Amino acid sequence: MLTITWEPMTLQLKTIFRIAHGASAQRRNVIVRVEEGLGEAAGVAYHGETPERIIDYLQTVQIAGDPLHLVDLLAQLPQTGSRAGRAAVDMALHDLWGKRLGQPLYRLLGLNPAQAPPTSFTIAMDDPQAMARRAAAAGMPIIKIKVGGENDEAMVRAIREATDARLQVDANGGWTREQAAAIIPRLTEYDLQMVEQPLPAGDIEGLRWLRAQNLGAPIFADEAIKTPADILAHAGAVDGVVIKLAKSGGIRPALTMIALARTLDMQVMIGCMVETAVAVTAAAHLAPLCDYADLDGPMLIANDPFSGLRYDGARLLLPDRPGLGVELNN
Ligand code: MG
């Protein structure tokens, strides 16, 4: 039997993170180890993930076998309960596999790290001028603006005036169909690269209706996309999907979802939750397969105990150590 251990962790955010789902100053995640492999489960309340639920899942996991037989080991993961918990064990098994083989994960997947798209940098909801100052100070070429509140146009306008960056907006499901149809054409005046999850997760017909109006920016689904079946259900209703390991249940199902989205001519963004370098580096290993990356999690955290993925501005620099290539800081 492989040894599985875990440790809850409280992440302190550098600034209060306000999105359409609510505001937080800290997040509670769970770091998981399978032998020497590392993984992370994000506590995301709006996905029903809490550290307690994640640990309930971890207590049901029993894995036996040779770490090189990765597919056999992944098949032993319980498919019910916390997806974030399952993602953490899947990450740890991939890390262990790479460490035992002495190769970084991207190399085992045959990927060229130079193909990873640059990451966006997220500006959470705040007073428009404060958001504009944060966007200007970040100096990043792609800014994702959290919208879906009262002040959406003022926030986007203030940021547009403060930076030449490409702008994306993420409503986190905060608009009704009518609100979205009214506000998106106004926001596209400020030159938007995409609109993420304009409508509540599950309103696929609403997304299809919205997209058919050609409002001037591609529409991506995020919260609504957890499984391959969700991608199939959104075919034709959106231009792209956001895939995150905490939602998909890990690297292996994320690879399936990326391939499926490609088959359906959808664009793919690889994203993250508020997570340390463990989970975000794991996601970054898949970035060369994706069109867009939203992997700024470690930049938002004040007390990340790990290092792995590094940044050259918005460019992702994947570690070339074995496995995920993540280390605990001294
Ligand atoms: Mg999103």
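Predicted model: local features only at pLDDT ≥ 70, side-chain atom pairs only at ≥ 80, totals over all residues.
Which residues of helix H7 (residues 177–187) are buried? They are Ala 180, Ala 181, Ile 183, Ile 184 and Leu 187.

View 1. An α-helix has 3.6 residues a turn, so residues three or four places apart point the same way. Among the buried residues of H7 are Ala 180, Ile 183, Ile 184 and Leu 187.

**View 2. The parallel sheet of 8 strands.** This open sheet has the strand order E4-E5-E6-E7-E8-E9-E10-E11, with parallel pairing. Strand E4 (121–123) and E11 stand at the edges. Each has a single partner strand, so one side of each is left without a neighbour in the sheet. From one strand to the next, the twist averages 25°.

**View 3. The magnesium site.** Three residues coordinate the magnesium ion: Asp 170 (OD), Glu 196 (OE) and Asp 222 (OD), at 2.0 to 2.2 Å. In sequence, these donor residues follow the spacing D-x25-E-x25-D. Asp 170 lies in strand E6 (residues 166–170), while Asp 222 lies in the loop between strand E8 (219–221) and helix H9 (228–233). The two are 52 residues apart, and the pair links distant parts of the chain. Is Asp 170 buried or exposed? Its relative accessibility is 1%, and a residue under 20% counts as buried, so Asp 170 is buried. Asp 222 is also buried, with a relative accessible area of 1%.

**View 4. Strands E7 and E8.** Strand E7 (residues 192–196) pairs with E8 in the parallel sense, over 2 bridges. Glu 196 of this pairing stands opposite Phe 220 in E8. Glu 196 is also one of the residues that coordinate the magnesium ion.

**View 5. The aromatic pair.** How many aromatic pairs does the structure hold? It holds 1. Phe 220 and Tyr 292 form this pair, which is edge-to-face, with 5.8 Å centre to centre and 85° between the planes. Phe 220 belongs to strand E8 and Tyr 292 to strand E11, 72 residues apart, and the pair links distant parts of the chain. Both Phe 220 and Tyr 292 are buried.

**View 6. Strand E9 and its link to E8.** E8 and E9 pair in the parallel sense over 2 bridges. The bridge partner of Ala 221 in E9 is Val 241. Together with H9, these two strands make a right-handed β-α-β unit. Why is E9 described as largely enclosed by the rest of the structure? The reason is that 5 of the 5 residues of E9 are buried. Both of its faces are covered: Gly 240, Val 242 and Lys 244 are buried on one side, and Val 241 and Ile 243 on the other.

View 7. Strand E9 (residues 240–244) runs parallel to E10, and 5 bridges join them. Within this pairing, Gly 240 has Gln 267 of E10 as its bridge partner, and Ile 243 stands opposite Ile 270. Strand E10 (residues 267–271) has 4 of its 5 residues buried, so it is largely enclosed by the rest of the structure. E10 also pairs with strand E11 (residues 292–294), in the parallel sense over 3 bridges. Here Met 269 stands opposite Tyr 292 in E11. The chain crosses from E10 to E11 through helix H12 (residues 277–284), and this β-α-β crossover is right-handed.

**View 8. Helix H12.** H12 is mostly covered, with 8 of its 8 residues buried. Among them are Val 278, Val 280 and Thr 281. The others include Ala 277, Ala 279, Ala 282, Ala 283 and Ala 284.

**View 9. The antiparallel sheet of 3 strands.** This open sheet has the order E1-E2-E3, with antiparallel pairing. Its edge strands are E1 (4–19) and E3 (37–41), each of which pairs on one side only. The twist averages 25° from one strand to the next. Strand E2 (residues 22–34) and E3 pair over 5 bridges in the antiparallel sense. In E3, Ala 41 is the bridge partner of Val 30. Helix H3 (residues 83–101) lies across E2 and E3, and runs at about 160° to E3.

How values were computed:
Residues numbered from 1 in each chain as written. Heavy atoms only, no water. Buried < 20%, exposed > 50% of the residue type's maximum accessible area, 1.4 Å probe, protein only. Pairing = 2+ DSSP bridges. Right-handed = clockwise from strand over helix to strand, strands pointing away. Donors = N, O, S within 2.8 Å, 3.2 Å for Na, K, Ca; no water. Axes fitted to C-alpha atoms, helices over the stretch in contact; angles between N-to-C directions. Phe/Tyr/Trp six-rings, centres within 6.5 Å; stacked < 30°, edge-to-face > 60°. Contact = heavy atoms within 4.5 Å.
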